[in-house]
Amino acid sequence: MSPNNVANVGIESILGLQTQTPFQRLIGAQSFWVTVALAVICAVMAYLQPASFATPENFYNITRNFSFIGIMALGMTVVIATGGIDLSVGSIMGLTAVCCGLTLEAGYPWWAAVVVGLFAGFCAGLINGLVIAYVGLSPFVTTLGMLSIARSVAVVLSGNRMLYKFGPSGPAFKYLGGGAWQVTPGFELSFPLLFLILLTVILALVYKMTAWGRHVLAIGGNEQAALLTGVPVKAIKVQVYVVSGMAAAFAAILNVGWSGSAINALGATYELLAISAAVIGGAKLMGGEASAFGAFVGAALIFTIRNALLMQGVDSNWQGTFVGAFLIAAVYLGKVRGARRE
């Protein structure tokens with residue numbers, strides 16, 4: 001049996017898919033129950049606040065707002081699938097924002113700002129991956145260090161000031177993150193949401209149909225076994241942190257375009273939201289299991305809860321309590337599911 005086949009069999013065993021019907025896999029997926037919870041919350045809020053919650057404007061705001069975190073969460077799922085963690089994504093957002101702002105301020109075209117921003121995310125992710133894979137430091141310590149480094153570099157580069165004079169390419173750059181597709185008169189889908197949907201589909205196909213996706217899951221399921229079956233563990237570890245860094249950078253590019261300004265504080269604490277979205281959606285913190293759709297619906301649930309609490313007049317300081325409770329419940333549910341499979 002070839003190394004790839006061994007890895008595939010191992011993954012199927014880890015995920016418990018060999019003896020399950022499609023329906024059993026559906027109801028056994030954490031993302032399915034998160035989707036049910038999201039639908040219930042939306043139904044209840046539409047009943048309680050029909051004039052404010054169930055409106056095209058509110059739908060647009062919620063979906064746009066969770067799209068930034070959703071894109072970050074997609075990158076985070078790839079890292080978590082290998083058994084790692086990336087605490088630096090929020091700071092990478094701040095660094096990317098400053099790089100984009102400075103590029104536009106210097107008069108360069110909008111696409112140059114996008115390239116520079118993505119390159120900043122690539123470099124930060126590459127450093128994380130190289131240190132973790134080849135130096136052997138833990139993901140927690142390495143990315144915690146990058147959290148501080150990226151934020152510090154962002155402050156120095158920006159001179160600790162807001163960047164908003166985007167030059168001649170400013171309108172085009174702002175349209176990238178602030179534009180929308182009009183589905184029908186009065187109903188629009190923001191560009192960030194459309195990008196999130198596209199990236200979710202792409203990552204889902206990568207997990208399902210590519211050797212790289214299977215290898216990512218195999219590393220998280222059993223790194224030593226993956227190594228013995230020929231999986232290039234170190235190279236893939238570097239790659240997943242690059243993906244995470246570039247996902248955070250892309251989210252920052254869209255966010256800066258939407259807000260119309262770049263600040264070095266962008267993304268502060270966003271790493272917690274990205275991790276929460278990924279885990280609530282079914283990513284297993286010990287590795288070996290992740291879902292692109294789960295990251296999408298996890299981010300949607302978090303921001304729908306926040307929106308619902310505000311509309312019900314609940315103090316915004318309680319938002320973290322509810323999100324934290326869902327996170328703990330998601331981890332516990334994942335533990336129960338894992339115990340049942342064993």
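Student: Where is the place of Asn160?
Tutor: The model is predicted: local features need pLDDT of at least 70, side-chain atom pairs count only at pLDDT 80 or more, and totals for chains, interfaces and linings use all residues. Residues are numbered from 1 along each chain as its sequence is written, and side-chain values use heavy atoms, without hydrogens and water. Helices are DSSP runs (H or I, at least four residues; strands are E, at least two), numbered from the N terminus. Asn160 belongs to the loop between α7 and α8.

Student: Is Asn160 buried or exposed?
Tutor: Buried means under 20% relative accessible area, exposed means over 50%, and partly exposed is in between (1.4 Å probe, protein chains only). Asn160 has a relative accessible area of 55%, so this residue is exposed.

Student: What value does phi of Asn160 have?
Tutor: Asn160 is a residue other than glycine, yet its phi is positive. The angle is near 55°.

Student: Which residue pairs with Glu105 in a salt bridge?
Tutor: Side chains of opposite charge can pair when their charged atoms come close. A salt bridge here is a side-chain nitrogen of Lys or Arg within 4 Å of a carboxyl oxygen of Asp or Glu. At 2.9 Å, N to O, the partner of Glu105 is Arg161.

Student: How many residues apart are Glu105 and Arg161?
Tutor: Glu105 is in helix α5 (residues 89-105). Arg161 is in the loop between α7 (139-158) and α8 (170-178). The pair links distant parts of the chain, 56 residues apart.

Student: How close are the N and O atoms of Glu223 and Lys237?
Tutor: Glu223 forms a salt bridge with Lys237. The closest N and O atoms are apart by 3.1 Å.

Student: Which helices does the pair of Glu223 and Lys237 tie together?
Tutor: The two residues are 14 residues apart in sequence. Glu223 lies in α11 (residues 223-228) and Lys237 in another helix, so the pair ties together α11 and α12.

Student: Is Lys237 buried or exposed?
Tutor: Glu223 is partly exposed, because its relative accessible area is 35%. Lys237 has a relative accessibility of 16%, so it counts as buried.

Student: How many salt bridges does the count come to?
Tutor: One is formed by Glu105 and Arg161, and another by Glu223 and Lys237. By the rule, the count comes to two.

Student: Which residues of the second largest pocket lie nearest its centre?
Tutor: A pocket is found on a 1 Å grid over the protein atoms alone: it is an open set of points where a 1.4 Å probe fits, with protein on both sides within 12 Å along at least five of seven lines, and lining residues have an atom within 4 Å of a point. The lining here has 14 residues. Nearest the centre are Ile71, Leu199, Val243, Met246 and Ala247.

Student: Which elements give two or more residues to that lining?
Tutor: The space in this pocket is about 330 Å³. Elements that give two or more residues to its lining are α4 (56-81), α9 (191-209) and α12 (233-259).

Student: Which element gives the most to the nonpolar patch?
Tutor: Patches take residues with over 30% relative accessible area and no salt bridge, joining like charges within 9 Å and nonpolar side chains (Val, Leu, Ile, Met, Phe, Trp, Tyr) within 5 Å. This patch covers about 950 Å², and Phe23, Trp33 and Leu333 are among its residues. Both α2 (22-28) and α3 (30-48) supply at least two residues. With six residues, the element that gives the most is α3.

Student: Is Tyr47 buried or exposed?
Tutor: Tyr47 is one of the patch residues, and its place is in helix α3. Its relative accessibility is 69%, so Tyr47 counts as exposed.

Student: How far apart in space are Gly288 and Val78?
Tutor: Gly288 is in the loop between α13 and α14 (292-311). It counts as buried because its relative accessibility is 3%. Gly288 and Val78 are 210 residues apart in sequence, but C-alpha to C-alpha they are apart by 9.9 Å.

Key:
Accessible areas come from the Shrake-Rupley method with a 1.4 Å probe; for residues, only the protein chains shown count as cover. Grid points are joined across faces, edges and corners, and a volume is the space filled by probe spheres set on the points.
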